[in-house]
Amino acid sequence: MDGSQLLVSVPPQAASEAALRADVLSSYLHLVTPEFVARLLRQEKVQQNNRLYNPRVVTWLMAYQRLHGNASMERAVANVVHGLPAELWPRPCKRRRNNQVSSNDGSYSRARQELPVRVVEQMAGQVLEGLLAQTGGAAQVCGRRAFLVDGTSLRAPHRPETKQEFPPTSNQHGESHWPVVKLLVAHDLGTGLAMPPVWGAMSGPQAVSEQGLFEKLLGKGVPAGAVVVGDINFGVFPVAYAADQRGHPVVLRMQEQRARALLNGPLVDGLDRELEWRPSRDDRKSHPDLPADACVRGRLLVMLVRPDNGADAFLLALFTTLPAAEASREDLLQTYGKRWNIELDLRTLKSTLQLEQLTCTSPDMIAKEIHAAMIAYNLVRAVMYAAAAQSGIAPRRYSFARVRNVVEHFLPFIAAAKTPEEAQALTDKMMYCVGQKKLRNRKGRRSYPRAVWGRPRTFPAQKA
């Protein structure tokens with residue numbers, strides 16, 4: 001049975017107000033049930049005794065570490081000693097029953113290492129499926145859900161295993177110290193929820209490009225018929241063809257030279273032309289598996305736009321496979337105008353959750369760390385969506401970092417609540433505070449001369 005069949009969707013109408021208003025731990029417990037974990041372990045042929053650090057507990061603690069900005073394992077284990085609800089242990093082990101839980105992190109460290117990657121990946125997928133169902137009424141593009149696509153890089157520890165899997169980059173000055181992971185993500189345009197990411201090596205013989213990872217990303221669960229929005233790096237034929245073959249409309253920015261070649265003429269403001277896009281000689285050279293009759297039918301639009309920071313106006317060329325009857329020029333311009341949100345989402349993952357510098361020492365642990373980070377990220381996004389549902393404003397009008405801080409503050413109190421009524425009262429207070437964490441209104445974007453500042457050459461402390 002395919003692993004994706006284990007992802008149990010929650011119908012939108014079944015998502016109660018209480019579920020949407022739950023804190024991140026309650027949402028995790030609601031979505032990753034003991035029954036789901038048991039089925040998952042049977043599928044992966046994982047046999048485990050009744051232990052303190054079961055897969056459900058370990059995955060939550062890894063997400064907790066990312067939620068708290070890559071907290072230490074010792075801090076995560078302190079929650080097991082005092083501060084986690086009994087629902088995490090449907091059948092408490094002897095140490096749990098006798099209240100003899102050690103504060104040392106050795107057992108947790110071993111449990112992290114032993115937990116299969118597929119188990120963490122499927123748990124992350126289960127959380128996402130449930131949250132996507134609960135946010136089914138999120139902002140859409142022409143009646144379709146839309147996803148922003150972009151890539152970034154992460155640094156891994158300097159270890160033989162990580163260097164072999166993700167070789168360091170090099171330039172005229174020689175080889176860098178850090179192994180580098182190329183990561184490609186797809187985030188919901190309205191809610192910011194993150195689909196399962198894909199990654200590979202940035203350098204070396206197994207290096208992959210963002211365009212090369214794109215096809216793999218589409219197969220990771222992007223909802224059928226969803227619109228894919230990409231910047232100029234994705235405005236190439238192989239990306240448009242891969243999305244078209246899977247039934248995903250695209251809104252892609254094109255380089256001026258490529259757009260002129262496709263039009264066989266100059267770019268003119270106001271142009272909206274239907275055409276057939278066929279691969280160039282270079283496209284076939286880089287993708288020899290393209291069929292001889294490969295073709296994408298769509299529209300090329302050219303618009304004179306001016307950035308809101310006061311910069312000079314320029315001609316924006318967009319390629320889309322959405323028909324004119326479904327998407328007007330204004331719709332497409334407004335949709336692409338929101339593409340910058342993915343840059344902010346990546347900054348959140350790398351800075352707020354501190355995913356930019358990984359501390360794990362093996363490729364398998366890197367995979368588990370990334371999936372756990374997505375669980376933490378999506379659970380906070382769900383809290384933001386719940387606040388938006390109460391206030392009536394867009395979920396992205398809330399500050400992720402400020403909402404995360406509120407969630408981080410209330411989490412131990414809600415987890416340690418003695419009664420459901422006490423937990424609900426704390427959750428209500430948390431949601432009241434979250435509702436105040438909107439992004440500040442700015443009268444205009446100030447533009448400053450671009451400057452590059454060097455980073456200190458420091459080595460991060462080893463945490464895992």
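Reader: Are Y53 and Y108 buried or exposed?

Author: Y53 is buried, and Y108 is buried too. Keep in mind that this is a predicted model.

Reader: How is a pair of aromatic rings described?

Author: Two values describe a pair of aromatic rings: the distance of the centres and the angle of the planes. A search of the whole structure finds seven aromatic pairs. Take Y53 and Y108. Their ring centres are 5.8 Å apart and their planes stand at 35°, so this pair is tilted.

Reader: Where in the chain do Y53 and Y108 sit?

Author: Y53 is in the loop between α3 (34–43) and α4, while Y108 belongs to helix α7 (residues 106–114). The two are 55 residues apart, and their pair links distant parts of the chain.

Reader: What kind of aromatic pair do W277 and F319 form?

Author: An edge-to-face pair. The distance is 4.8 Å centre to centre, with 70° between the planes. W277 lies in strand β7 (residues 272–277) and F319 in strand β9 (residues 314–320), so the pair ties together parts 42 residues apart in sequence. Both W277 and F319 are buried.

Reader: Which residues form one aromatic cluster with W277 and F319?

Author: F237 and Y241.

Reader: Back to α4. How many of its residues are buried?

Author: Helix α4 is mostly covered, with 13 of its 13 residues buried. Helix α4 spans residues 55–67 and reaches 18 Å from its first C-alpha to its last, close to the 18 Å expected.

Reader: What is found at the start of α4?

Author: There, a side-chain oxygen of N54 comes to within 3.0 Å of the backbone nitrogen of R56. Just after α4, G69 has a positive phi of about 65°.

How values were computed: Residues numbered from 1 in each chain as written. Predicted model: local features only at pLDDT ≥ 70, side-chain atom pairs only at ≥ 80, totals over all residues. Heavy atoms only, no water. Helix = DSSP H or I, 4+ residues; strand = E, 2+ residues; numbered from the N terminus. Expected span 1.5 Å × (residues − 1). Buried < 20%, exposed > 50% of the residue type's maximum accessible area, 1.4 Å probe, protein only. Polar contact = N/O pair within 3.5 Å; in protein donor to acceptor, adjacent residues only side chain to side chain. Phe/Tyr/Trp six-rings, centres within 6.5 Å; stacked < 30°, edge-to-face > 60°.
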